[in-house]
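Biologist: I would like to learn how to read this model feature by feature, with the general idea placed before each case. Could we start with burial and go on from there?

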Amino acid sequence: VQLQAFGGGLVQAGNSLRLSCAASRRTFSNNAVAWFRQAPGKGRDFVASISWNGGRTYYADNVQGRFTISKDNAKVYLQMNSLKAEDTAVYYCAQSRFANSGRELSNYPYWGQGTNVTVSS
């Protein structure tokens, strides 16, 4: 499985970006998908995840109310509003083998290459 995240860029604080994730050779119809991010010099942190049918979503506390994860069969999206400088990171999408996998990084074996998001203050 190859995943590709795109839609990143440079944006001013307070503005919005929408990230997308697409998968080659499979769809997202049966599996949970998550977004993680890695800031410079830090570990990879959970951002949001969505179950196979979109019925369950999970968010990190520091993005709750600002970010929204959604999906269709072809792509998974991360709408990021009210961006802050601390949201600056490389954002990765990842897919689980299971229908609902929550926040744990270890539940997501399939990863994309990531897309850079830089928020200027």
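Modeller: A residue is called buried when its relative accessible area is under 20%, exposed when it is over 50%, and partly exposed in between, with a 1.4 Å probe and protein chains only. What we read here is a predicted model, in which local features need pLDDT of at least 70 and side-chain atom pairs count only at pLDDT 80 or more, while totals for chains, interfaces and linings use all residues. Residues are numbered from 1 along each chain as its sequence is written, and side-chain values use heavy atoms, with hydrogens and water left out.

Biologist: Is Ser20 buried or exposed, and what does Ser20 touch?

Modeller: Ser20 has a relative accessible area of 9%, so it counts as buried. A contact means heavy atoms within 4.5 Å. Once residues up to four places away in sequence are set aside, Ser20 touches Gln4, Ala5, Phe6, Trp35, Val76 and Tyr77. Ser20 itself belongs to strand β3.

Biologist: How many helices and strands does the protein chain have?

Modeller: Helices (H or I, at least four residues) and strands (E, at least two) are DSSP runs, numbered from the N terminus. By that reading the protein chain has zero helices and eleven strands.

Biologist: How should I read the overall dimensions and the packing of the protein chain?

Modeller: The radius of gyration is taken over C-alpha atoms, and the globule rule is 2.2 Å times the number of residues to the power 0.38. For 121 residues a compact globule would come near 14 Å, and the protein chain, with 13 Å, agrees with that. The C-alpha trace spans about 40 × 25 × 25 Å along its principal axes. Of the 121 residues in the protein chain, 43% are buried. Among contacts between residues at least 6 apart in sequence, 59% join residues at least 24 apart.

Biologist: What can be said of the charged side chains in the protein chain?

Modeller: Lys and Arg count as positive and Asp and Glu as negative, whereas His and the chain ends are not counted; the place of a charge is taken as NZ of Lys, CZ of Arg, CG of Asp or CD of Glu. On this count there are 13 positive and 6 negative side chains, and the centres of the two sets lie 8 Å apart.

Biologist: What should I notice about the phi of Ser82?

Modeller: Most residues other than glycine have a negative phi. Ser82 is not a glycine, yet it has a positive phi of about 50°. Ser82 lies in the loop between β8 (75–80) and β9, and its 40% relative accessibility makes it partly exposed. Ser82 is also one of the residues in contact with Asn15, together with Met80, Asn81 and Leu83, when neighbours within four places in sequence are left aside.

Biologist: Where is Asn15 found?

Modeller: Asn15 is in the loop between β2 (9–12) and β3, and with a relative accessible area of 37% it is partly exposed. The C-alpha atoms of Asn15 and Val119 are separated by 8.7 Å, although the two residues are 104 residues apart along the chain.

Biologist: How do residues in the loop between β9 and β10 compare in accessibility?

Modeller: Ser101 lies in that loop and is buried, with a relative accessible area of 8%. Ser106 lies in the loop between β9 and β10 as well, but at 64% relative accessibility Ser106 counts as exposed. Pro109, in the loop between β9 and β10 (110–111), is partly exposed at 34% relative accessibility.

Biologist: Which residues is Ser101 in contact with, and which is Pro109 in contact with?

Modeller: Leaving aside neighbours within four places in sequence, Ser101 is in contact with Ala32, Ser96, Asn107 and Tyr108. On the same terms, Pro109 is in contact with Gln95, Ser96 and Arg97. The C-alpha atoms of Pro109 and Arg97, twelve residues apart along the chain, are separated by 7.4 Å.
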